[in-house]
Amino acid sequence: MKEKVLGLIFLWLAVKVCECTNSSGECDVRYRYPVDEKPDLFLNIKHEVDQSTYGIGICRIRHETNSVLDIFKSTPYYEEEQEISISSLHYDAQDDAILYFTRTKSSMARLYKMRLNETNRELIFDQEELWSLGWPFTSFLITNTAYDWAARNLYMNLHYFVGVINIENPWNISVILKKREFISDIAVHPNKGYFFFVDKASRARSLSDISIYRAHLDGTNIVEFRNTKSSKKYITNIMLDFYEDKLYWSIPDSEVIQYSNLDGSDIRTVNNVRVYYDIRSSTARTLAIDRHYVYYLLADSKSVRRLEKGRYLEDEDYEVYNREHIKEIMVFTYASQKIRNDHPYKKHVDDKPNFFLMTNTIPGICRIQHEDNSTMNYHQDRKYVEEIHPQTVIGGLNYDSRNGTILYWAKIANVDHSRLYKVRLNDSHWESVLDQDDDFRDMSYDWVSKNLYIIMGVRNLMVAVNVENPWSPSVVMYDRSQLTSLAVHPNKGYLFFVEQSHWYGVRNKIHRANLDGSNVIEFNRTGTDQRYYIASIVIDFYTDRLYWSVPGMDKIQHSSLDGTDVRTITGVRVYSGQLDLASRVLALDKHYVYYRSSESNSVKRIEKTSEAKDADYELVNQDQAPITEIMAFTFKTQKIRREHPCSDGKGGCEKFCFAVPYNDGLKRVCKCSYSEVVAADGVSCVKKRHSVGR
């Protein structure tokens, strides 16, 4: 007898909730199986209520607990009634998360990642947003994907070519395969270095020959599996068995599943298997494989069955049934995503983030991409700098991961005039954002509110400009001694800055304030330490600690965000920076502290936990131009906390939104430009009234 369970499958609709026939308002799932043998199973469900209303959902069936869970029950996962379908489910064992694409009504794709123990999802990639930024390939339809969990690379099938993005830095695409006839499906094997794809010889529905091909992960060395050629029949669902290193695929018209070795040899056929196939969604994955079984979606699209490997007999005791249509299935176990010991990406990509190096003798900003696993890869083309005066000084590197842009200032040495630039990483176009008759000293970027904090040396002010409307700055800090360095923490609402005072001798003090400049407190530092110049302050967003370098004492220090628990890394000869300018000579990622060495024109690193120097790591500039600033980034470092009051940019404020600490969270403070004040409604701006004497 089949056991009927009111599963937590919940179909969110663009307009209304699915009206199920049971009284609970939830949709039915029935399943029967001996529970001790199953991995977790994911079902991608699409339900058409009428011609314009859809329900889409991802259901997780946790076999070890004999339960059916909808991992999205707490949070609707369509946005603005635009997302109409879900596709390309993948599992990432390193983060215990799933990756999936949604399709909007405009046929643009959005890539999301959701950790299985959380209810919120993270937007990784938005094709429509990239289209508005002039990103290439956005006019093509992303049909399905394959995931290399070792290198964190996602392979995207765009039918006539295949592009690859890294989910840590998804704003740059590398095309590995192009000028094909019509690619219908793809798969990757990270531990073998292979990329598999199905290519049809006709772009029309009337098909000629179809074959499976194998290439290297970079798209080279393409080999056709000639024995797999199928005339006028679709080959769907190429799937890898990572336990036995086999390649599986289905031919629905012939009602067979086939599998072979990874070189295409020893092809075996399993007959009389009615696998679901829909020509409107021919790239949907309706096969799944674990250690003992091959799972498939039955032709009625409502039932998942399985075959035992070896004998390939139907398991009569197993069925997962949904009353609505199932579009895609996926099974996972952590063991299926092991990374071989000699794999070049055995270390997580976070160990080697992307780097920017800034030089001033020959002005330039150079990007080093660590994805190629090299320790010395200095880009000579300084395309991120306009053709400016050779005496130009550049600085203030900042990064916006969601827009894929960097921000920096440029000025002529010994001239009090500065210009702020913004440039997209995927092309050589730069944009002048702000032009000021002042001497920029340092700047730091709040990626949530889009506010850029700038120290202006001539006026001795700290101002905030919004990069979307930078011509009306708001004064954040004034009437201080010389300000030299700053850093902001958008998710905590804090602003950190260094002040150099010359009263009663030189004192270098670290302060913390709210992002609107209020509630300034000074960190307690010893009298000896205060006499030495602080070259750089930087925030560790992984551990919520503040780091700074003291070149005159050959040490790096770090503390909690309130200035307590100060720790010291000694014997580190850090570059002292550029004259009176703040210099980013420190950079941080999840595991390491990077620093610009004063002993050589290079970048070295220290492991955070052990505080030991990594003798195998060095980034060397082979030019004579000295490295003056460094910046490391991964996409993860710029997360936005839930319920951030400025997450929509201005948070309802007319000009500036500042998130400041409030109880255990954040609250919004609206401010205006220097010539305006906040109106009585707390969000609008009005001109200041100046009193006139008689």
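Asparagine 153 has asparagine 166 in strand 13 as its bridge partner.

Strands (E, at least two residues) and helices (H or I, at least four residues) are DSSP runs numbered from the N terminus, and two strands pair if DSSP finds at least two bridges between them. Strands of a sheet pair through backbone hydrogen bonds, either parallel or antiparallel.

## Basis of the model

The model is predicted, and local features need pLDDT of at least 70, side-chain atom pairs count only at pLDDT 80 or more, and totals for chains, interfaces and linings use all residues. Residues are numbered from 1 along each chain as its sequence is written, and side-chain values use heavy atoms, with hydrogens and water left out.

Strand 40 (residues 507-514) pairs with strand 41 in the antiparallel sense over two bridges. Isoleucine 521 in strand 41 is the bridge partner of arginine 512.

Strand 32 (residues 418-424) is joined to strand 31 (residues 405-412) by seven bridges, and the two run antiparallel. In this pairing, lysine 422 of strand 32 stands opposite leucine 407. Strand 32 is also joined to strand 33 (residues 430-436) by six bridges, again antiparallel. Here tyrosine 421 stands opposite serine 432 in strand 33.

Alanine 109 belongs to strand 9 (residues 109-115). With a relative accessibility of 1%, alanine 109 counts as buried; the term means under 20% relative accessible area, whereas exposed means over 50% and partly exposed lies in between (1.4 Å probe, protein chains only).

Alanine 109 and glutamine 127 are 18 residues apart in sequence, and their C-alpha atoms are 5.4 Å apart.

## Salt bridges

The whole structure holds 26 salt bridges, a salt bridge being a side-chain nitrogen of Lys or Arg within 4 Å of a carboxyl oxygen of Asp or Glu. One of them links glutamate 319 with arginine 305, whose closest N and O atoms are 3.6 Å apart. Glutamate 319 lies in strand 26 (residues 319-322) and arginine 305 in strand 25 (residues 303-308), so the pair ties together parts that are 14 residues apart in sequence. Glutamate 319 is buried at 6% relative accessible area, while arginine 305 is partly exposed at 22%.

Glutamate 676 and lysine 655 form a salt bridge with closest N and O atoms 2.8 Å apart. Glutamate 676 lies in strand 53 (residues 676-678) and lysine 655 in the loop between strand 50 (627-633) and strand 51 (656-662), so this pair ties together parts that are 21 residues apart in sequence. Both glutamate 676 and lysine 655 are buried. Elsewhere, salt bridges that share partners join Arg305, Glu314 and Glu319 into one network. Arginine 605 and aspartate 614 also form a salt bridge, with closest N and O atoms 2.8 Å apart, and both residues are buried.

## Positive phi in two loops

Most residues other than glycine have a negative phi, and most peptide bonds are trans. Asparagine 460 has a positive phi near 55°. This residue, asparagine 460, is in the loop between strand 35 (451-456) and strand 36 (461-466), and counts as partly exposed at 22% relative accessibility.

Glutamate 611 also has a positive phi, of about 60°, although it is not a glycine. The loop between strand 48 (602-607) and strand 49 (619-620) holds glutamate 611, which counts as partly exposed at 33% relative accessibility.
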